[in-house]
Amino acid sequence: MADKDTPQEIAAKFIDKLKSSPFVMIGLEDGQHSEPMTAQIDDDQPNTLFFFAGRDNRIAKGGAAMAQFVGKGHDFFACMSGDVSTSNDRTQIDKLWNNQVEAWFPGGKEDPNLTLLRFDIDSAELWETDISIGGRLKMLFGGTIRPDESSSHAVVDSVA
C-alpha cells in the first residue's frame, strides 16, 4: 500500500472523518466484546476521545483499551490503542454536553448514572482507502494498481 500522504496529513483526515461520523467500537482488553459508542472530541485535548456512559457500562471500570473506527463512506479505517479512565470534570461535561447525549440521560447532567470517560490514545494505525478512478477500473477489469493510484496508511503516536 502506498503512502501518498504524510502521517500528520492522514491523522488530520482521521479527525475530520471522526467529527463527521463519531461512532467507534471500543472495548477494554479484558476479554469482553467491544461496543459501539459515540466519541466526543475536544480540540483542546488532542489524542483524547471522550464518551458519556452509564456508570454500569462495561468500559466504565477503565483500563487498557482498543477502539476501531470506520468512516461512514468506508473510505477510512482506524485502530487505536490507549487507556480508558473516568473523568467526571464538570467543566468538561458542560463543554461536551449536547442534545444527543441528553437523550440517553433523562436526568441530564445530574443523572446519577452519568459518567464521563476519557480514552487517551497511545498509538493508532490509520488507513485511507481513497483509490483513484484508474485504480478502481484496474480492480474491476484487472491490472496492477500503481502506488500513485493506491491508498494511504500510517502508524502514529499522535492523532493530533
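Reader: What share of the 160 residues in the protein is buried?
Author: Buried residues make up 42% of the 160. Buried means under 20% relative accessible area, exposed over 50%, and partly exposed in between, with a 1.4 Å probe and protein chains only.

Reader: And where does the model come from?
Author: The model is predicted: local features need pLDDT of at least 70, side-chain atom pairs count only at pLDDT 80 or more, and totals for chains, interfaces and linings use all residues. Residues are numbered from 1 along each chain as its sequence is written, and side-chain values use heavy atoms, with hydrogens and water left out.

Reader: How many helices and strands?
Author: There are 4 helices and 8 strands. Both are DSSP runs numbered from the N terminus: helices are H or I with at least four residues, strands are E with at least two. From the N terminus, the order is α-β-β-β-β-β-β-α-α-β-α-β.

Reader: Take strand 4. How many of its residues are buried?
Author: 7 of its 7. Thr48, Phe50, Phe52 and Gly54 are buried on one side, and Leu49, Phe51 and Ala53 on the other.

Reader: Why two sides?
Author: In a regular strand the side chains alternate between the two faces of the sheet.

Reader: Which strands pair with strand 4?
Author: Strand 3 pairs with strand 4 in the antiparallel sense, over 2 bridges. Strand 7 (residues 114-128) also pairs with strand 4 in the antiparallel sense, over 7 bridges. Two strands pair if DSSP finds at least two bridges between them.

Reader: Who stands opposite threonine 48?
Author: Aspartate 120, in strand 7.

Reader: What about the turn between strand 3 and strand 4?
Author: The two form a hairpin with 6 residues between them. Asparagine 47 in that turn has a positive phi of about 65°. Aspartate 43 lies in the loop there too.

Reader: Is aspartate 43 buried or exposed?
Author: Exposed, because its relative accessibility is 57%. Its side chain is joined to that of lysine 19 by a polar contact of 2.9 Å. A polar contact is a pair of N or O atoms within 3.5 Å; within protein, one must be able to donate a hydrogen and the other to accept it, and residues adjacent in sequence count only if both atoms are side-chain atoms.

Reader: New topic. How much space lies in the largest pocket?
Author: About 520 Å³. That volume is the space filled by probe spheres set on grid points, which are joined across faces, edges and corners. On a 1 Å grid over the protein atoms alone, a pocket is an open set of points where a 1.4 Å probe fits, with protein on both sides within 12 Å along at least five of seven lines; lining residues have an atom within 4 Å of a point.

Reader: Which residues lie nearest its centre?
Author: Met37, Thr38, Gln40, Phe52 and Trp104, out of 21 lining residues. Strand 2 gives the most to the lining, with 4 residues.

Reader: How does the lining divide?
Author: Into 13 nonpolar, 6 polar and 2 charged residues. Ala, Val, Leu, Ile, Met, Phe, Trp, Tyr, Cys and Pro count as nonpolar, Asp, Glu, Lys and Arg as charged, and the others, Gly among them, as polar.

Reader: Last one. Where is serine 87?
Author: Serine 87 is in the loop between strand 6 (76-86) and helix 2 (90-96). At 12% relative accessibility, serine 87 counts as buried.
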